[in-house]
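Here are a few exercises to work through with the model open in your viewer. Try each task before you read its solution.

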Amino acid sequence: MLHVADHIDTLRTTPAGSDSGASSRGRTAGPQDRRTAAPHCPRMDAGRRMKGVRWRYTRLPSQVEDTPSGEEGEEEGEEEEKEAASAQAPEDPVEPQLEEASQVLGALEMRQLSLHLPPSVTGRSWSLAFCTARDGFSLRSLYRQMEGHSGPVLLALKDQDGQMFGAFSSSEFRLSRGFYGTGETFLFSFSPQLKVFKWTGSNSFFVKGDVDSLMMGSGSGQFGLWLDGDLYHGGSHPCATFNNEVLARREQFCIKDLEAWVLS
């Protein structure tokens, strides 16, 4: 670019109709030539050089790596979107492995519940520790069957109206002076679609076992789920622990079948 500019300056200092090559070699510019010649401008030369520098500018390797261009950038963006979508998509429900058939929950209900279980128990086999059809309607019998088990328990009920509901406890059911358990505990109901009521963080009233009643969730004197000593009558009310709905069709219900599954 500097040579082109110099050539333009030479043309400006050459009178019309003369040989530019001969004038530049054998003739000295006269006063008129000197008046018409473009004055030398250092800033213009510097500007021309800067233009050349800009065109020769190359980004650093770190900039090239951090800023993908063209089709490569689009492909990487599409791959990232696919990975994010797969991470957010729920996993396919896995049917739990049962040591014996359930009289309360079907295969579909168990697959749906398995999606809401803590990761620590996913894939574990379900062992039927207690059921009213085999062990009778007695809360004391439930406590006895729980002895020797220290893992989480899934409690499933079916009332006389055919409604299915229950609870997941992070610990086995036992007699206790106060409430026990962790925030992994939750209530659920099929009405008819599955509804799961997780811990709200309002209180820690998860599970309490008395001689004549079993309670799960509490607040304002109400229990999310409670069962009497005969395991025949029960009740369900909204409570602060789980912010749940009434699990059965009515607040007071009669139990038809009850099962306690140990996830071991």
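**Exercise 1. Work out what share of the 264 residues is buried.**

Solution. Start with the cut-offs: buried means under 20% relative accessible area, exposed over 50%, and partly exposed in between (1.4 Å probe, protein chains only). With that, buried residues make up 36% of the chain.

A word on ground rules: this is a predicted model, where local features need pLDDT of at least 70, side-chain atom pairs count only at pLDDT 80 or more, and totals for chains, interfaces and linings use all residues. Residues are numbered from 1 along each chain as its sequence is written, and side-chain values use heavy atoms, with hydrogens and water left out.

**Exercise 2. Count the helices and strands in the chain.**

Solution. Take DSSP runs numbered from the N terminus: helices are H or I with at least four residues, strands are E with at least two. That gives nine helices and ten strands.

**Exercise 3. Find the buried residues of H7 and say how they are arranged.**

Solution. First, pick them out: Glu109, Met110, Leu113 and Ser114 are buried. Next, look down the axis of H7: these buried residues fall within an arc of 135° (taken from the directions from the helix axis to the C-beta atoms), so they line one face of the helix. Finally, check the cover: it includes strand S1 (126–131), strand S2 (153–159) and strand S10 (252–263).

Definitions and conventions. Contact = heavy atoms within 4.5 Å.
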